[in-house]
Amino acid sequence: MYRKITSERIFSNGGFLPDKTVLIFNDKGVLVDLVDHNDAGDDVQHVKEWICPGFVNAHCHLELSYLKGRIPKLCGLKDFVMSVMANREEEQEKIEQAIMDAESEMIKNGIVAVGDICNTIHTLFQKTKKNLHYHSFIELSGFVPGAAESRFQKGRSFQADFTEAGLSATLVPHAPYSVSEPLFQMIGKLDDSGTLTIHNQESEEETEFFQNKSGAFLDLYQQLGVDISFFQPKKNSSLQQTIAFFPSARKLILVHNVFTEPKDIFMADAQFSEHPNHLYYCLCPNANAYITGEQPPIQMLQNCQAQLVLGTDSLASNDGLSIWEEIKTIHKNHPHIKLTEMLTWGTINGAKALSIEDRFGSFEKGKTPGFFLIPDSDRQSMIF
Ligand SMILES: [Zn+2]
């Protein structure tokens, strides 16, 4: 059984396919051909919405789905982190149901692949069903250097659980303010080629902490009873102080980048000068609106030719898991950004960042990209 579908416009790889192209999928979702309408034979479905490839959600925390609606909006990053930590205990059954519901929501919203942060193995049971493609980022944290070895080993054992189940997984650092130098070094020295990621410059407090050792993160460590007397502030930003830990031979997705400045990008570009295509910046505008009310400097990132990808973050800090909703928020704040540009971030760029562009992100023969029907009512105000 084949499914033949066409529309007035079909987006792929930064532009539109020739007029009257028909996409032909087989029953396994493989795009077996792209042909002219005249050569497509019978049973062609003509939809009124424009079509784009399925979305790649480059940053999610599926395991936190049970926290939907529990954390107050605009609470700030420190209180957000505290709330997540305080709410880690929940009945297994509720956690699993929320994971299943969240995955169904992503499928409904046209997401086909996910870069998913894990602090536990709670999502393993669902990922093995392979309803979606997942790459799991096993997240390590621990700001006190003495904890590095035990945190690293714990992450290794989670990673083994995923890989033994046939799922791709890499060890990644949580954020500059929560990972010690030895832990960064252990991650950086791993003999692994998979994509790395880190939460980067999500709040102003992160910069304040790194430059002056002041602000809300000091309270965070105080409240957690963690002695950080060893930590010495420097004059530059968190990204500038940590980018050297990331080997340029591996891909890196920097997530949030709300307080990233041109000089940060300059430093990151220098670190990745041998492999400029390995560096990606992930935007999660709805999560930023939820936690701090701030928005990433998209215009500046574009001016610096940053490669952009899109993520939903978790249901702890978002009302839904939809890349299209993230695009709508970007459009609302930046009406001059072209639809084709935003779709590129949400499809092929995300696929490249996760090294799955051989299967996802564009309409090319042999891929299993899925597709999304762009709602007319949202699209009509967008330039393309
Ligand atoms: Zn996150």
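Which residue in strand 5 is the bridge partner of Phe25? The answer is in point 4.

1. Basis. This is a predicted model, in which local features need pLDDT of at least 70 and side-chain atom pairs count only at pLDDT 80 or more, while totals for chains, interfaces and linings use all residues. Residues are numbered from 1 along each chain as its sequence is written, and side-chain values use heavy atoms, with hydrogens and water left out.

2. Zinc site. His59 (NE2), His61 (NE2), His199 (NE2) and Asp313 (OD) coordinate the zinc ion at 2.1 to 2.6 Å. Donors are N, O and S atoms within 2.8 Å of the metal (3.2 Å for Na, K and Ca); water is not among the atoms, so sites may look incomplete. Along the sequence, the spacing of the donor residues is H-x1-H-x137-H-x113-D. His59 counts as buried because its relative accessibility is 1%, and His61 counts as buried at 8%. Buried means under 20% relative accessible area (1.4 Å probe, protein chains only).

3. Four strands, in the order 5-4-1-6, make up an open sheet with mixed pairing. Strand 5 (31-36) and strand 6 (44-47) are at the edges with a single partner strand each, so one side of each has no neighbour in the sheet. From one strand to the next, the twist averages 25°; axes are lines fitted to C-alpha atoms, and angles run from 0 to 180 degrees between N-to-C directions. Strands (E, at least two residues) and helices (H or I, at least four) are DSSP runs, numbered from the N terminus. Two strands pair if DSSP finds at least two bridges between them.

4. Pairings. Strand 1 (residues 3-7) runs antiparallel to strand 4 (residues 21-25), and three bridges join them; Ile5 has Leu23 as its bridge partner in strand 4. Five bridges link strand 4 and strand 5, also in the antiparallel sense. The bridge partner of Phe25 in strand 5 is Leu31. These two strands, 4 and 5, form a hairpin with five residues between them, and Gly29 in the turn has a positive phi of about 85°.

5. Helix 6. Glu206, Thr207, Phe209 and Phe210 are buried in helix 6 (residues 204-212). Seen down the helix axis, the buried residues of helix 6 fall within an arc of 160°, so they line one face; the arc is that of the directions from the axis to the C-beta atoms. They pack against strand 12 (196-200), helix 7 (216-224) and helix 8 (238-242), where contact means heavy atoms within 4.5 Å. Lys213 follows helix 6 and has a positive phi, near 50°.

Terms used
Buried means under 20% relative accessible area, exposed over 50%, partly exposed in between (1.4 Å probe, protein chains only).
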